[in-house]
Amino acid sequence: MATIAVTGHANLTGASLPLVAGALLPLLARYPAAELTGISCLAASADTVFGDAVLARGGRLVAVLPSADYRARMPEGPHAVAFDRLLRAAAEVKVMPYRRAGAPAYAAANRLLLGRAELLVAVWDGGPGGRRGGTADAVATARAQGMPVEVVWPAGAARQPLIRPGRQDTPRIRS
């Protein structure tokens with residue numbers, strides 16, 4: 001059985017999504033479909049592309065939701081549609097015991113992902129994260145545990161700035 005968790009940036013540019021999918025499919029093709037389980041929080045961008053790639057390979061998808069309000073806090077739009085589709089396709093859904101999404105919930109979800117996986121796939125530009133429960137934090141934790149990490153960052157991949165609600169300063173790029 002190959003159980004693979006994903007972490008990755010939630011702010012990939014639209015042009016990056018097919019590049020990442022093109023890099024994930026051959027990576028997942030190393031494993032027989034009947035033995036492939038992908039674990040994802042189904043966050044925007046990297047997690048969603050990974051979930052689609054696992055299903056395209058004929059693998060089993062496990063969704064880990066960081067909190068009870070995870071979907072309710074999601075703005076309606078293309079990602080919400082993809083999230084709902086992947087959640088319906090998931091063979092298993094685990095909701096972490098947090099009422100509200102936030103750093104503690106994301107960190108707990110990462111612990112669950114890493115506790116169940118044999119490999120972490122990180123759709124990551126290698127930059128520092130500085131946020132508990134983010135991509136860099138998940139990669140550092142996996143490496144500290146001795147878990148293999150495969151970084152996927154194809155040529156041409158890029159992130160777009162995320163503007164935090166209520167902030168008037170310069171947009172920051174975060175994981």
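**A note on the sheet and its helices**

1. Let us start with helix α1: the elements that cover its buried residues include β1, β2, α2, β5 and β6. Here "cover" rests on contact, meaning heavy atoms within 4.5 Å, and buried means under 20% relative accessible area, exposed over 50%, with partly exposed in between (1.4 Å probe, protein chains only). Helices (H or I, at least four residues) and strands (E, at least two) are DSSP runs, numbered from the N terminus.

2. Please keep in mind that this is a predicted model, in which local features need pLDDT of at least 70 and side-chain atom pairs count only at pLDDT 80 or more, while totals for chains, interfaces and linings use all residues. Residues are numbered from 1 along each chain as its sequence is written, and side-chain values use heavy atoms, leaving out hydrogens and water.

3. How confident is the prediction? The protein chain has a mean pLDDT of 90, and 91% of its residues reach 70 or more; pLDDT is the predictor's confidence in each residue, from 0 to 100. Residues 167–175 have a pLDDT below 50, and in the model this stretch has 23 contacts beyond near neighbours in sequence. Where pLDDT is low, the predicted coordinates should not be read in detail.

4. Back to α1, which takes in residues 16–28: its 13 residues reach 18 Å from first C-alpha to last, close to the 18 Å expected at 1.5 Å a residue. (The expected span is 1.5 Å times one less than the number of residues.) Its buried residues are Ser16, Val20, Leu24, Leu27 and Leu28. They lie on the same side of α1 because they cover an arc of only 85° around the axis, taken from the directions from the helix axis to the C-beta atoms.

5. Now find the open sheet: 6 strands in the order β4-β3-β2-β1-β5-β6, with parallel pairing. Its edge strands, β4 (92–95) and β6 (149–152), each pair on one side only. From one strand to the next, the twist averages 20°. Two strands pair if DSSP finds at least two bridges between them.

6. Strand β1 (residues 2–8) meets β5 (residues 119–123) in the parallel sense over 5 bridges, with Val6 opposite Val121 in β5. β2 and β3 are also parallel, over 4 bridges, and here Ser40 stands opposite Ala63 in β3. β3 is mostly covered, with 5 of its 6 residues buried.

7. Which strands does helix α2 lie across? Helix α2 (residues 46–56) lies across β1, β2 (36–40), β3 (60–65) and β5, at about 155° to β1. Helix α4 (residues 103–116) also packs on the sheet, touching β1, β2, β3, β4 and β5, and its direction makes about 150° with that of β3. Axes are lines fitted to C-alpha atoms, for helices over the stretch in contact, and angles run from 0 to 180 degrees between N-to-C directions.

8. Helix α3 (residues 78–89) has buried residues Ala80, Ala82, Phe83 and Leu86. Their arc around the axis is only 160°, so they fall on the same side of α3. On the other side, Pro78, Val81 and Arg88 are exposed. The cover over the buried residues of α3 includes α2 and β3.

9. Finally, look at the loop between β2 and α2, where Leu42 sits. Leu42 is not a glycine, yet has a positive phi of about 60°; it counts as buried because its relative accessibility is 0%. Ser45 belongs to the loop between β2 and α2 and has a positive phi of about 70°, although it is not a glycine. Ser45 is buried, with a relative accessible area of 14%.
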